Amino acid sequence: MALRISLNINGTEHGVDLEDPRPTLLDVLRERIGLTGTKKGCDRGQCGACTVLVDGRRVNSCLTLAVSLEGAKITTVEGLANGDALHPVQTAFIEHDGFQCGYCTPGQIMSAIGLLSETEGKASAEAVREGMSGNLCRCGAYAGIQDAVMDAQA
Ligand code: FES
């Protein structure tokens, strides 16, 4: 059953024609809209590489059907910077080497922004570790990631 949906992504409305209601937000973002900053790792909710914000809350876009998000405000990593000015969490990741290969970084940054919102910028180091535990880094850059998140809330 073909259908047309409208998604608000980074403040812009995108009309998308779907053959059926099954495509995930992740696949629509990457393959239909061309926003490839959001990464596909496991495609089953285990790695966090696909994390985006929906109405300010963290979601795994590989587990979320695009059709369920009409009327929601979706934010991807492409929507963070303001011109040449990076988001403070992006800057913190650079300053603290919160990455190595970089593949998980968009998801890590989106998750960190969601976490800092949830904790109102008052998370302990342990709370940051726990709160970021859904985002895996195959390179093991966890020390830098934790430092970046702690610094971003300072
Ligand atoms: Fe969505 Fe791994 S790609 S959690």
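This is a predicted model: local features need pLDDT of at least 70, side-chain atom pairs count only at pLDDT 80 or more; totals for chains, interfaces and linings use all residues.
The chain contains 5 helices and 5 strands. Read from the N terminus, its elements follow the order β-β-α-β-β-β-α-α-α-α. The radius of gyration is 15 Å, close to the 15 Å that the globule rule gives for 154 residues, so the chain is as compact as a globular protein of that length. Along the principal axes, the C-alpha atoms occupy a box of roughly 50 × 30 × 25 Å.

Two domains are assigned, with domain 1 spanning residues 3-77 and domain 2 spanning residues 88-152. A distance of 21 Å separates the C-alpha centres of domain 1 and domain 2. To the contact between them, domain 1 contributes 14 residues and domain 2 contributes 13 residues. On the side of domain 1 that touches domain 2, strands β3 (51-54) and β4 (57-60) each provide at least two residues. The greatest contribution to this side of domain 1 comes from β3, with 3 residues. In terms of residue class, the side of domain 1 that touches domain 2 comprises 6 nonpolar, 5 polar and 3 charged residues.

Within domain 2 (88-152), helix α2 (residues 88-95) packs against helix α5 (residues 142-152) at an angle of about 140°, and their axes lie 8 Å apart. The angle makes α2 oblique to α5, because only angles over 145 degrees count as roughly antiparallel. The crossing of α2 past α5 is right-handed. On the α2 side, Pro88, Val89, Ala92 and Phe93 take part, and they meet Ala148, Asp151 and Ala152 of α5. The residues of this contact of α2 with α5 comprise 6 nonpolar, no polar and 1 charged.

Helix α2 also packs against helix α3 (residues 105-118), where the two axes come within 10 Å and cross at roughly 125°. The two helices, α2 and α3, are therefore oblique to each other. Here, too, α2 makes a right-handed crossing, in this case past α3. The contact brings Val89, Gln90 and Phe93 of α2 together with Thr105, Ile109, Ala112 and Ile113 of α3. By class, the residues of the contact of α2 with α3 are 5 nonpolar, 2 polar and no charged.

Definitions and conventions. Residues are numbered from 1 along each chain as its sequence is written. Axes are lines fitted to C-alpha atoms, for helices over the stretch in contact, and angles run from 0 to 180 degrees between N-to-C directions. Helices (H or I, at least four residues) and strands (E, at least two) are DSSP runs, numbered from the N terminus. Angles under 35 degrees count as roughly parallel, over 145 as roughly antiparallel, 65 to 115 as roughly perpendicular and the rest as oblique. A crossing is left-handed if the near helix is turned anticlockwise from the far one by less than a right angle, and right-handed if clockwise. Two residues are in contact if their C-beta atoms, placed from the backbone, lie within 7 Å. Ala, Val, Leu, Ile, Met, Phe, Trp, Tyr, Cys and Pro count as nonpolar, Asp, Glu, Lys and Arg as charged, and the others, Gly among them, as polar. Domain bounds come from an automatic or database domain assignment. The radius of gyration is taken over C-alpha atoms; the globule rule is 2.2 Å times the number of residues to the power 0.38.
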